Amino acid sequence: MFQINDNYQKLPGSYLFSTIAKKVAAFSEANPDKSIIRLGIGDVTQPIAPAIIDAMHKAVDEMADVKTFRGYAPDLGYEFLRKAISDNDYKARGCDIEADEIFVSDGAKSDSGNIQEIFSQDNRIAVCDPVYPVYVDSNVMAGRTGTYDAATGMWSNVIYMPCTRENNFVPEFPKETPDMIYLCLPNNPTGTTITKARLQEWVDYANKVGAVIIYDGAYEAYISEDNVAHSIYECEGAKTCAIELKSFSKNAGFTGVRLGYTVVPKELKCGDVSLHGMWARRHGTKFNGAPYIIQRAGEAVYSDAGKAQLKEQIAYYMKNASTIKSGLQEAGFEVYGGVNAPYIWLKTPEQMTSWEFFDYLLEKANVVGTPGSGFGPSGEGYFRLTAFGSYENTVAALDRIKAL
Ligand SMILES: *Cc1c(COP(=O)(O)O)cnc(C)c1O
């Protein structure tokens, strides 16, 4: 009789988005005359920029001609895209990352879930709390997290680094020494980030204790402040301790077309073993390359026209972010984030729980957001609103909230 991977049985149900959907459906059925505005979405809404669409059309036509048709892409990505990434995301910022240290993929969710595979089962992971759920869940599936305590919402073998208003949402070095440290900066869900100087301290810490940092930079394009690093490799010594994950989803609207990449520097080693070689082996065995058409689209992200159009798109979302932030402040809320990320993280008023505030906002303002407790125990008492809606809806939602 076959056996299953029992670790999957340990996963608690992920009820966050299904519970939200059920509550919204029930409310809307009971109140058919009310128009609901959704500011809970973690997905982009603006169409893909014209320069990128042109590149995709051109690549589609190439696929129709025997002379330019392409079959399997190289496992690790086409040279044209890896070079564009290396030149624009790294060398232009003074980071010495070569094209052959970049592994093109179908997105940062898969990479952030898969990367744990090249590490020992015995490693202990550290995560921020609240956190993007993929980091913990993928380690649960691999059997690395111990047992789950439903009362606290915590795993026995995970090191949690609370990020709350008490520490300005800046993770502190944990008391116990981790082997793998997940950092997502700027952060989803809190919308906050840390300075480059503080990130340097994390790099120094990781090098000192012999930990690896898995650095998720999905929101890098939203950084507006000068003292924030756009890549962890801006920090000295990061090449011996950090893997960086990037995505084309949030900066270029690729959530539906799928493209991302992971940087594994050649200097990153465990003893004599190069992690670069291990990830190349893993990629070559389990992945057959991102589609040519999409990699051409990714290349266009770095064209002059693409850059100009994406700058406008980011500005559109960040105008929503500042509309939400200033509107909430006017209404008397305590608000965080929204400056270097498209997320606004608010403290619920009057000791309401995250879910009580969800119900209150849905019933009184007909606005949907995301309860902070869904991202981890330290998210309790907070609430996330996103800037990914339309400007008109964002303004209307804030008018309703201000009128409460
Ligand atoms: C949206 C998001 C990603 C991007 O995932 P893709 O698979 O590239 O769409 C990665 N990490 C975080 C924290 C995110 O919020």
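## Report on a predicted protein model

The secondary structure of the protein consists of 13 helices and 17 strands; helices (H or I, at least four residues) and strands (E, at least two) are DSSP runs, numbered from the N terminus. The radius of gyration, taken over C-alpha atoms, is 21 Å, close to the 22 Å that the globule rule gives for 404 residues, so the protein is as compact as a globular protein of that length. The globule rule is 2.2 Å times the number of residues to the power 0.38.

This is a predicted model, in which local features need pLDDT of at least 70 and side-chain atom pairs count only at pLDDT 80 or more, while totals for chains, interfaces and linings use all residues. Residues are numbered from 1 along each chain as its sequence is written, and side-chain values use heavy atoms, with hydrogens and water left out.

### Overall form and surface

Along the principal axes, the C-alpha atoms of the protein fill a box of roughly 60 × 55 × 50 Å. Of the 404 residues, 53% count as buried. Buried means under 20% relative accessible area, exposed means over 50%, and partly exposed lies in between (1.4 Å probe, protein chains only). The protein exposes about 17700 Å², of which carbon and sulfur atoms supply 52%; accessible areas come from the Shrake-Rupley method with a 1.4 Å probe, and for residues only the protein chains shown count as cover.

Contact means heavy atoms within 4.5 Å. Among the contacts with a separation of 6 or more, 73% are between residues 24 or more positions apart.

There are 39 positive and 50 negative side chains, and the centres of the two sets lie 2 Å apart. Lys and Arg count as positive and Asp and Glu as negative, whereas His and the chain ends are not counted. The place of a charge is taken as NZ of Lys, CZ of Arg, CG of Asp or CD of Glu.

### Nonpolar cores

A nonpolar core is a set of buried Ala, Val, Leu, Ile, Met, Phe, Trp, Tyr and Cys residues joined through side-chain atoms within 4.5 Å. The largest such core has 97 residues, of which I52, L183 and L328 touch the most other members. Helix α11 (residues 304–330) gives the most to this core, with 7 residues. Not counting residues up to four places away in sequence, L328 touches F333, V335, I344, L346, L385, L398 and I401. A second, separate core of 24 residues includes I118, V131, C184 and L245.

### Individual residues

S249 is found in helix α8 (residues 249–252) and is buried, with a relative accessible area of 6%. Leaving aside residues up to four places away in sequence, S249 touches V44, F254, T255, R258 and L259. S249 and I85 are 164 residues apart along the chain, and their C-alpha atoms are separated by 15 Å.

R258 is found in the loop between α8 and β10 (260–263), and at 30% relative accessibility it counts as partly exposed. E350, in the loop between β14 (343–347) and α12 (354–365), is exposed, with a relative accessible area of 72%. The table gives their phi angles, each a positive value in a residue other than glycine.

| Residue | Phi |
|---|---|
| R258 | near 75 degrees |
| E350 | near 50 degrees |

Two cis peptide bonds may also be described. One joins D129 and P130, with omega about 5 degrees; P130 is found in the loop between β3 (125–129) and α6 (134–141). Another runs from N188 to P189, with omega near 20 degrees, and P189 lies in the loop between β7 (180–184) and α7 (196–209).
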